[in-house]
Amino acid sequence: MTADAHARRTVEQLLRVLDLDTTQARTTEDIFTGSSHPMPSGRIYGGQVLAQSLIAAERTLPEDRAVHSMHGYFLRPGDASQGITIAVDRIHDGRSFSTRRSQAYQNGVPIFSMIASFQDDDPGIEHAVPMPEDVPDPDSLSPDEDRVPGLPDGVRRMLTDRAADVRHVESPLFLPSDDDRVAHQGVWMRMRAPLPDDQRLHRAALAYLSDMTIQESILRAHGVFWSLPGLKVASLDHAMWWHRPARVDDWLLYVQESPNARGGRGLAQGRIYTREGVLVATVAQEIMIRVPDVES
């Protein structure tokens with residue numbers, strides 16, 4: 001299989017996961033069903049269920065009323081071998097804003113719960129924090145899977161088979177590195193192949209990407225890497241604000257930092273920019289982190 005064909009296949013797999021089915025079953029909620037990516041850990045990738053929950057909510061709204069914020073909690077680990085049921089509660093519809101609650105279920109219990117707000121496009125005051133200067137261009141960096149010698153075959157295959165091309169400005173954190181212990185990093189990312197022009201799909205795909213690597217600003221501050229024996233990391237909650245439209249099949253810079261870690265939890269924040277420096281979204285996530293035998 002050629003590289004281009006492989007890239008298209010990975011993105012087509014993502015699009016199938018985001019293409020939810022609408023069921024005929026209804027209570028007071030809209031009911032959708034979906035599937036998951038196979039995962040080596042057996043657990044559902046958090047960004048996937050986040051994106052699916054957003055897609056389900058947007059299915060209950062007019063196309064021109066776009067999401068501007070969401071706040072969600074990861075309640076239980078999801079099983080990637082099982083289907084997902086998503087229930088959407090139409091909490092409020094106003095003249096300019098709508099509110100939806102999406103809950104994703106497996107085996108009758110919620111694994112993810114989200115409230116999102118949607119707004120018509122309105123004029124108003126505008127400003128944005130500028131993109132950092134002197135960031136290497138993504139074309140000058142190699143994909144993560146090509147930058148770390150000695151990766152286990154399973155990890156390398158997982159990176160190659162994901163729909164996103166991810167390129168760390170610093171060293172990727174799969175194995176130990178000699179990088180400074182700093183609580184910040186930059187990551188370029190984009191989908192490996194073009195997506196349809198539907199902005200709802202691009203917003204959901206951006207949510208999918210937003211859960212990828214943001215935890216690493218916490219790990220990097222303490223010299224921790226993903227393959228550290230005994231390391232336990234789990235996302236607790238996730239918040240995201242969409243500021244401006246963008247395509248996720250174009251390069252985006254994810255600027256990440258961690259302002260705090262304490263009590264077995266770490267907080268990470270991120271800003272997502274287009275290659276031209278337009279601020280697209282802001283993200284915040286808190287994680288549970290257990291680090292064995294490593295000084296803080």
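How do the residues of the lining of the largest pocket divide into nonpolar, polar and charged? In this predicted model, the lining comprises 28 nonpolar, 13 polar and nine charged residues, and the legends below begin with that pocket.

**View 1. The largest pocket and the residues around its centre.** The largest pocket holds about 1,700 Å³ of space. Its lining is made up of 50 residues, among which Met39, Ser41, Arg43, Tyr45 and Met158 are the closest to the pocket centre. At least two lining residues are supplied by each of helix 1 (3-18), helix 2 (46-58), strand 6 (109-120), helix 3 (153-161), strand 7 (164-168) and strand 9 (232-242). Of the contributions to this lining, the largest share is that of helix 3, with six residues.

**View 2. The second largest pocket and its lining.** Two or more lining residues come from each of strand 3 (65-74), strand 6, helix 4 (199-210), strand 9 and strand 12 (279-290), with helix 4 giving the most, namely four residues. Sorted by class, this lining contains 13 nonpolar, seven polar and seven charged residues.

**View 3. Leu206 within the largest nonpolar core.** In soluble globular proteins, nonpolar side chains tend to be buried together. The largest nonpolar core in this model has 65 residues, and the members that touch the most others are Phe112, Met191 and Leu206. When neighbours within four places in sequence are set aside, the contacts of Leu206 are Met240, Trp242, Val248, Leu252, Ile272, Val280 and Ala281. Another core, of seven residues, lies apart from the largest one, and its members include Trp188, Leu253, Val255 and Leu279.

View 4. Asp30 belongs to strand 2, which spans residues 30-34. Asp30 counts as buried because its relative accessibility is 9%, whereas the cut-off for a buried residue is under 20%. The side chain of Asp30 is joined to that of Arg90 by a polar contact of 2.8 Å.

Terms used:
Residues are numbered from 1 along each chain as its sequence is written. This is a predicted model: local features need pLDDT of at least 70, side-chain atom pairs count only at pLDDT 80 or more; totals for chains, interfaces and linings use all residues. Side-chain values use heavy atoms; hydrogens and water are left out. On a 1 Å grid over the protein atoms alone, a cavity is a set of points where a 1.4 Å probe fits but cannot get out, and a pocket is an open set with protein on both sides within 12 Å along at least five of seven lines; lining residues have an atom within 4 Å of a point. Grid points are joined across faces, edges and corners, and a volume is the space filled by probe spheres set on the points. Ala, Val, Leu, Ile, Met, Phe, Trp, Tyr, Cys and Pro count as nonpolar, Asp, Glu, Lys and Arg as charged, and the others, Gly among them, as polar. A nonpolar core is a set of buried Ala, Val, Leu, Ile, Met, Phe, Trp, Tyr and Cys residues joined through side-chain atoms within 4.5 Å. Buried means under 20% relative accessible area, exposed over 50%, partly exposed in between (1.4 Å probe, protein chains only). Contact means heavy atoms within 4.5 Å. A polar contact is a pair of N or O atoms within 3.5 Å; within protein, one must be able to donate a hydrogen and the other to accept it, and residues adjacent in sequence count only if both atoms are side-chain atoms.
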